[in-house]
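This report describes a structure with chains, helices, strands and a core, taken up one topic at a time. Please keep the sequence and the coordinates at hand while reading.

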Amino acid sequence: MQTTVNRLPRNLIIVIALGVLVLVASSMIPAGFFTWLWDRLNVFATVFLGIFVEAVPYLLLGTFASGLVEVFVDRDQMSKWVSNRPAAAAVSGAFMGMLFPVCECGVVPLTRRLFRKGLPLSAGISFLLAAPVLNPIVIFSTASAFGWGQMLFWRFAVSLVIAVVVGLIFSVEQDAGNILRPVLSDHEHDHIHAVAGDSATEKVRKALLITVDEFFDMGRYLILGSMLSAGLQTFIPQSALLAVGSGPILSVLVMLLLAILLSICSTVDSFVALGFVNTFSFGSILSFLVFGPMVDIKSVMMYLQVFKRRAVFYIVVIPFMMSLLTGLIFNYLVR
Amino acid sequence: MPTRMIRSFQGLLLLGLSIFFAAKAANGQLTWYINARFVPLTIFGIVFLAVLAQTVFTDIRRSRKQEQEDHDHDHHHEHEHAPASGNLWVMLVPLAIGILIPARPLDSAAFSTKGFSTSAPLISSDSSARIFETESEERNILDWLKLFNFEEDVTQFVGQSASVVGFVYFNDDLEADQFYVSRFVVSCCAADGFAIAMPVQWGEALTLEQDSWVLVKGSIESITLDGNRVPMIVAESVQSVPAPDQPYLFP
């Protein structure tokens with residue numbers, strides 16, 4: 001009893017002391033600080049919502065594709081379609097993007113679903129890395145930015161090589177359980193099973209429910225990733241990054257970092273890359289266009305949901321090294 | 001959280017997102033965030049989110065009905081299974097940011113991190129011929145910068161009359177009677193937005209306010225800024241105008 005009586009005034013004193021401290025501190029803050037903070041907050045909100053609004057339709061399409069695969073494709077069909085030999089599987093996985101035109105937001109849930117339908121690891125990994133580039137939409141948008149020329153050709157050739165190589169590396173691992181995270185949904189949410197006798201509408205209804213679950217499951221990583229990216233863009237001046245970026249090695253590194261930082265959708269990144277044509281070498285822009293669709297802040301967030309940490313490490317680092325190498329080869333040898 | 005509550009929460013969030021996007025589309029603010037070319041995609045998103053919400057609500061109703069007659073048959077079990085629970089709250093973040101922070105397109109506040117440029121590359125699908133054919137007074141800031149960036153001989157443009165809309169930006173590297181008229185160029189979404197600017201010479205430049213929107217009319221002059229040829233407008237008039245519906249230019 002006594003302690004409560006004693007504590008009350010003490011709390012009051014602390015509150016008053018804190019209040020005074022805040023007042024003193026705020027009077028010491030330069031006058032422009034709050035407008036500065038408010039401006040930063042506004043830029044953050046606009047950039048964040050920009051990425052989010054842009055990405056949501058693609059995420060919806062990707063999760064819906066995943067829902068449809070769950071209900072309409074069964075494991076037997078999958079093994080008929082995709083070869084079990086690693087090389088063939090990796091190559092065919094890389095080209096599957098031509099059938100499922102998804103960008104890097106949509107590809108993650110779809111890949112996870114395909115794995116559960118028995119897609120071989122090598123095919124899934126190369127699909128994951130290649131599909132955001134090797135698809136009709138991105139071919140068209142790259143062509144309309146750079147024309148039907150070298151940039152287009154090398155972008156697709158290099159992406160294909162990297163995707164297949166990483167796919168093959170993963171095919172060494174026989175046990176998918178070492179690569180994929182145990183799908184928590186096995187117990188928690190994936191109980192919306194297709195039943196053989198379901199009518200088409202019933203199947204679509206189930207596909208939609210799966211879409212909902214996956215949209216929330218992946219959406220939260222999209223949101224965290226977009227916030228991180230928007231935050232970095234709000235506080236780190238791009239000019240500082242670009243100022244560092246001359247020289248054949250640094251320019252490639254800067255463009256790779258920018259690809260991670262910007263987190264823009266692969267369907268339009270070529271228009272953004274175009275803005276750097278005057279200041280950056282062919283090799284560094286090529287590496288931006290190859291690496292950006294494979295790895296950026298938001299896609300890494302989503303990868304962590306599907307793969308174990310060690311696997312994500314390889315999925316990020318191998319393409320990084322290979323893109324860097326590509327940039328350097330072009331900077332030193334070709335130009 | 002019980003399954004049905006999670007489902008209801010999901011349904012409400014989907015509906016909320018759909019309404020939020022629809023409101024942005026209705027008041028024209030979508031293009032403050034994304035390139036106008038992607039608006040149809042967002043419209044699809046609005047419809048699809050609403051369809052998903054409807055599916056979820058129907059599912060709740062069905063599971064409630066099923067529960068009542070569940071004692072004798074139990075084959076489907078859909079209602080028992082908790083969907084991915086927990087972090088639904090994260091979905092509230094974009095709604096909160098969109099509602100609590102007043103919408104404001106990118107402006108000179110973003111210059112400190114995004115920087116701005118007085119030149120712009122020509123993309124291969126637009127020919128300089130198209131910009132040439134455009135009446136000089138119809139060209140926007142982006143067109144002018146592209147022309148100056150692309151053409152070898154820019155003297156042909158000197159003296160042409162120009163009429164461009166943009167917001168005012170003051171910068172130390174200009175004279176007292178000069179200011180920049182600026183626009184953001186957005187290819188995809190606000191994340192890739194970058195500012196472009198044309199210097200303007202005008203005797204009453206100091207009466208203008210930073211970030212206010214103006215219509216600048218005058219004639220083109222070629223000047224050198226940081227070693228680049230840049231088009232400058234020698235202004236005959238500078239009128240203040242309301243902010244355009246689409247604050248950005250789309251390449």
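## The hairpin and sheet of chain B

In the hairpin formed by β5(B) and β6(B), where 2 residues lie between the strands, B:Asp226 adopts a positive phi near 50°. The model is a predicted one, and the values given here are computed from it. Strand β5 (residues 213-225) and strand β6 (residues 228-240) of chain B run antiparallel and are joined by 12 bridges.

Strand β6(B), for its part, pairs with strand β4 (residues 194-201) of chain B in the parallel sense, over 2 bridges, and B:Gln201 is found opposite B:Val234 of β6(B).

## The nonpolar core

The largest nonpolar core contains 160 residues, of which B:Val181, B:Met198 and B:Val200 touch the most other members. The largest share of this core comes from α2(A), which supplies 18 residues. Because domain 1 (3-100) and domain 2 (108-249) of chain B both give residues to the core, it lies between them. In soluble globular proteins, nonpolar side chains tend to be buried together.

The surroundings of B:Val200 can be listed in detail: when neighbours within four places in sequence are left aside, B:Val200 is in contact with B:Gln178, B:Phe179, B:Tyr180, B:Val181, B:Val216, B:Met232, B:Ile233 and B:Ala235.

## The domains of chain B

Chain B is divided into domain 1, covering 3-100, and domain 2, covering 108-249. Where the two domains of chain B meet, 7 residues of domain 1 are in contact with 9 residues of domain 2. The side of domain 1 that touches domain 2 consists of 4 nonpolar and 3 polar residues, with no charged residues.

## Helix α1 of chain B

Helix α1 of chain B runs over residues 3-26 and has 24 residues; from its first C-alpha to its last it reaches 34 Å, close to the 34 Å expected at 1.5 Å a residue. The buried residues in α1(B) are B:Ile6, B:Arg7, B:Gln10, B:Gly11, B:Leu13, B:Leu14, B:Leu17, B:Ser18, B:Phe21 and B:Lys24. These buried residues pack against elements of both chains, namely α2 (33-72) and α10 (200-235) of chain A and α2 (39-68) and α3 (92-100) of chain B. After α1(B) comes B:Gly28, which has a positive phi near 80°.

## The contact between the chains

In the contact between the two chains, 57 residues come from chain A and 53 residues from chain B. On the side of chain A that touches chain B, the elements giving two or more residues are α2, α7 (136-146), α9 (185-188), α10, α11 and α13 (269-274) of chain A. The largest share of that side, 17 residues, is given by α2(A). By class, the side of chain A that touches chain B comprises 32 nonpolar, 18 polar and 7 charged residues.

## Chain A and its helices

Chain A has 16 helices and 0 strands, and its C-alpha trace spans about 75 × 60 × 35 Å along its principal axes. Of the 335 residues in chain A, 51% are buried. Among the contacts in chain A with a separation of 6 or more, 86% are between residues 24 or more positions apart.

Helix α12 (residues 250-262) of chain A has 13 residues, which should span 18 Å at 1.5 Å a residue, and this agrees with the 18 Å between its end C-alpha atoms. Its buried residues include A:Val252, A:Met255, A:Leu258 and A:Leu262, and the buried residues of α12(A) pack against α10, α11 (238-244), α14 (282-291) and α16 (309-334) of chain A. The helix is followed by A:Ser263, whose phi is positive, near 50°.

In helix α7 of chain A, A:Phe146 is buried, because 23 other C-beta atoms lie within 10 Å. The C-alpha atoms of A:Phe146 and A:Val82, which are 64 residues apart along the chain, are separated by 34 Å.

Notes: Residues are numbered from 1 along each chain as its sequence is written. Chains are lettered from A and ligands numbered from 1 in the order in which they are written. This is a predicted model: local features need pLDDT of at least 70, side-chain atom pairs count only at pLDDT 80 or more; totals for chains, interfaces and linings use all residues. Helices (H or I, at least four residues) and strands (E, at least two) are DSSP runs, numbered from the N terminus. The expected span of a helix is 1.5 Å times one less than its number of residues. A residue is buried if 20 or more other C-beta atoms lie within 10 Å of its own, exposed if 12 or fewer, and partly exposed in between; C-beta atoms are placed from the backbone. Ala, Val, Leu, Ile, Met, Phe, Trp, Tyr, Cys and Pro count as nonpolar, Asp, Glu, Lys and Arg as charged, and the others, Gly among them, as polar. Domain bounds come from an automatic or database domain assignment. Two strands pair if DSSP finds at least two bridges between them. A nonpolar core is a set of buried Ala, Val, Leu, Ile, Met, Phe, Trp, Tyr and Cys residues joined through C-beta atoms within 7 Å.
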